[in-house]
Amino acid sequence: LPHSSDHTLNGSAVYTAPLGTGWTWFAQVDAQYRSKQYASVANLATTGDRTVADLRVGLNSARWELLGY
């Protein structure tokens, strides 16, 4: 496909632990790698490889969820 990477890799990891009194906390990291993409139809310029990572932490109970990104 035009303007698409040849290689893409996605990954995710989650850690969860109890806090007591019905609450748990968690941390999640998501990452995505993309190989270079051509920036134009003429294939004269590329965007280069890139990796993006996101971190999410929060608290869970039976009724509520509190998140931070």
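Me: Where does Q37 sit?
Reply: Keep in mind that this is a predicted model. Q37 is in the loop that runs between β2 (23-34) and β3 (50-60).

Me: And is Q37 buried or exposed?
Reply: Buried: the relative accessible area of Q37 is 12%, and the cut-off for buried is under 20%.

Me: Which side chain does Q37 make a polar contact with?
Reply: With the side chain of R50, at 3.1 Å.

Me: What else does Q37 touch?
Reply: Leaving out residues up to four places away in sequence, Q37 touches H3, S4 and S5, then A45, T46, T47 and G48, plus R50.

Me: OK, switching to aromatics. How many aromatic pairs are there?
Reply: The structure has one aromatic pair. The rings belong to Y15 and W25, and their centres are 5.5 Å apart.

Me: Why is the pair of Y15 and W25 called tilted?
Reply: Because the ring planes are at 55°. Stacked would need planes under 30 degrees apart and edge-to-face over 60, and the rest count as tilted.

Me: Which strands do Y15 and W25 come from?
Reply: Y15 is in β1 (residues 8-20) and W25 is in β2, so the pair ties together parts that are ten residues apart in sequence.

Me: How accessible are Y15 and W25?
Reply: Y15 is partly exposed, with a relative accessible area of 49%. W25 is partly exposed too, at 31%.

Me: What about T16, which strand is that in?
Reply: T16 is in β1, and its relative accessibility of 47% makes it partly exposed.

Me: What is T16 in contact with?
Reply: Setting aside neighbours within four places in sequence, T16 is in contact with T24, W25 and F26. W25 is also the ring partner of Y15.

Me: How far is T16 from L44?
Reply: Their C-alpha atoms are separated by 47 Å, and the two residues are 28 apart along the chain.

Me: Last topic, the other end. In which sense do β3 and β4 pair?
Reply: Antiparallel, over four bridges, with β4 covering residues 65-68.

Me: What joins β3 to β4?
Reply: A hairpin, through four residues.

Me: And which residue in β4 is the bridge partner of N60?
Reply: That's E65.

Methods:
Residues are numbered from 1 along each chain as its sequence is written. This is a predicted model: local features need pLDDT of at least 70, side-chain atom pairs count only at pLDDT 80 or more; totals for chains, interfaces and linings use all residues. Side-chain values use heavy atoms; hydrogens and water are left out. Helices (H or I, at least four residues) and strands (E, at least two) are DSSP runs, numbered from the N terminus. Buried means under 20% relative accessible area, exposed over 50%, partly exposed in between (1.4 Å probe, protein chains only). A polar contact is a pair of N or O atoms within 3.5 Å; within protein, one must be able to donate a hydrogen and the other to accept it, and residues adjacent in sequence count only if both atoms are side-chain atoms. Contact means heavy atoms within 4.5 Å. Rings of Phe, Tyr and Trp (its six-membered ring) pair if their centres lie within 6.5 Å; planes under 30 degrees apart count as stacked, over 60 as edge-to-face and the rest as tilted. Two strands pair if DSSP finds at least two bridges between them.
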